[in-house]
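Dear colleague,

I am passing on the structure below, together with some notes on what was found in it. Please read the notes with the coordinates open beside you.

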Amino acid sequence: MQILILGAGAGGGFPQWNCNCPNCQGVREGRPGLTPRTQSSIAISSDGERWLLCNASPDIRAQIAANPELQPRRGVRDTGIAEVLLVDAQIDHTTGLLSLREGCPLDVWCTPSVHRDLSTGFPLFPMLEHWQGGLRWQPIMMDAEHRQVAFSVPSCPGLRFTAVALDSNAPPYSPRRGSPTPGDNLGLFIEDSAGATSLFYAPGLGELTDEVRDCLARADCVLVDGTLWHDDEMARLGITQTTGAQMGHLALAGERGMIDELDALPESTRRVLIHINNTNPILDETSAERAVLEDHGIEVAFDGMRLTL
Ligand code: MLT
Ligand code: MN
Ligand code: ZN
């Protein structure tokens, strides 16, 4: 299985257009040790030809331009993006579908709750029907009774997918903001059919359940939520009082934070952080926080990073 990190940043990207936090200011000034990042998205393939786009970010156009695998190579109209999967209905994970309209009809895998939000509050599904039939919903039937759903994706032969319910949050525009239900956020456990290698991808992870800990423990590589260093990081910078916990993102630092959780994994597990907010000090390669990650054997994803499992 091959994984392309298209965008390792959280919503807003790095730098964020209206942000003057030390990181955003620094990257604009070209300070060494800071690298821009586009918004949260990866692509997965088993044959290197057909790619499953996991999340469609507002930066999709730049991400396609940066990744030849996703570009047209065969017909007069063509793409390496065979299908799309959404882990939630957040703006930073779905807005890119608007930019893919010329490629409709497009198969989009998501849960009933995500489909509902994208048919009402942010009506991408009904709207895009006017483009060659639009988005064809491929349901991942997750609900309170089905917190784990196994499925396969036609464009990724040989890969077995399990969607796992995550405790995080529904998008700010969703009627379920603050009281999410199973299906609002999912993690993906992906293994090749021989069971030889596996990935757990969870860019939005608020609290770890036993199910999630089990997935983390079983995966050869974990690609998980690295949004914030401190839960109150944005308040410390005078940006907003909203905490990571309220947004559905477990902070890296602190007792039972993500670093502690990753420390509990088998030594051989590859640990990579993704969906990193522009305020997070780990974006500065010269920071003390980045050195802490290195001590714990934790990597920070960057745009253009490739994982081969
Ligand atoms: C999140 O990951 O919590 C969201 O992308 C935040 C947002 O929509 O602004
Ligand atoms: Mn996000
Ligand atoms: Zn910033």
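Where does His249 lie? His249 is placed in the loop between helix H9 (244-247) and helix H10 (258-263), where helices (H or I, at least four residues) and strands (E, at least two) are DSSP runs, numbered from the N terminus.

Before going further, a word on conventions. This is a predicted model, in which local features need pLDDT of at least 70 and side-chain atom pairs count only at pLDDT 80 or more, while totals for chains, interfaces and linings use all residues. Residues are numbered from 1 along each chain as its sequence is written, chains are lettered from A and ligands numbered from 1 in the order in which they are written, and side-chain values use heavy atoms, with hydrogens and water left out.

The ligand site

His249 is buried, with a relative accessible area of 10%; buried means under 20% relative accessible area, exposed over 50%, and partly exposed in between, with a 1.4 Å probe and protein chains only. The side chain of His249 makes a polar contact of 2.6 Å with the side chain of Asp225, a polar contact being a pair of N or O atoms within 3.5 Å, of which, within protein, one must be able to donate a hydrogen and the other to accept it, and residues adjacent in sequence count only if both atoms are side-chain atoms.

His249 is also one of the residues around ligand 1, which are Gln90, Asp92, Met247, His249 and His275, a residue being near a molecule or strand if one of its heavy atoms lies within 4 Å of it. By class, this shell has one nonpolar, three polar and one charged residues, where Ala, Val, Leu, Ile, Met, Phe, Trp, Tyr, Cys and Pro count as nonpolar, Asp, Glu, Lys and Arg as charged, and the others, Gly among them, as polar. An N or O atom in the side chain of His249 is 2.9 Å from an oxygen atom of ligand 1, a polar side-chain atom of Asp92 lies 2.9 Å from an oxygen atom of ligand 1, and for an N or O atom in the side chain of His275 the distance to a ligand 1 oxygen atom is 3.2 Å. Of the 270 Å² of accessible area that ligand 1 has on its own, the protein covers 74%, with areas from the Shrake-Rupley method and a 1.4 Å probe, and, for residues, only the protein chains shown counting as cover.

One open sheet of seven strands has the order E6-E5-E4-E3-E2-E1-E14, with mixed pairing, where two strands pair if DSSP finds at least two bridges between them. Its edge strands are E6 (135-139) and E14, each of which pairs on one side only. Neighbouring strands of this sheet are turned by 25° against each other on average, direction ignored; axes are lines fitted to C-alpha atoms, for helices over the stretch in contact, and angles run from 0 to 180 degrees between N-to-C directions. Within it, strand E1 (residues 2-7) has five of its six residues buried; E1 is joined to E14 (residues 306-308) by three bridges in the antiparallel sense and to E2 (residues 41-45) by five bridges, again antiparallel. Gln2 stands opposite Thr308 in E14 and has Ser45 as its bridge partner in E2.

The other open sheet of seven strands runs E7-E8-E9-E10-E11-E12-E13, also with mixed pairing, and its edge strands are E7 and E13 (298-300). Strand E8 (residues 159-165) has six of its seven residues buried, and pairs antiparallel with E7 (residues 148-151) over four bridges and with E9 (residues 186-192) over seven bridges.

Backbone points to check

Most residues other than glycine have a negative phi, and most peptide bonds are trans. The peptide bond from Phe14 to Pro15 is cis, with Pro15 in the loop between E1 and helix H1 (22-29), and the bond from Cys104 to Pro105 is cis as well. Asn55 has a positive phi of about 80° and counts as buried at 0% relative accessibility, whereas Gln132, with phi near 45°, counts as partly exposed at 47%.

With best wishes
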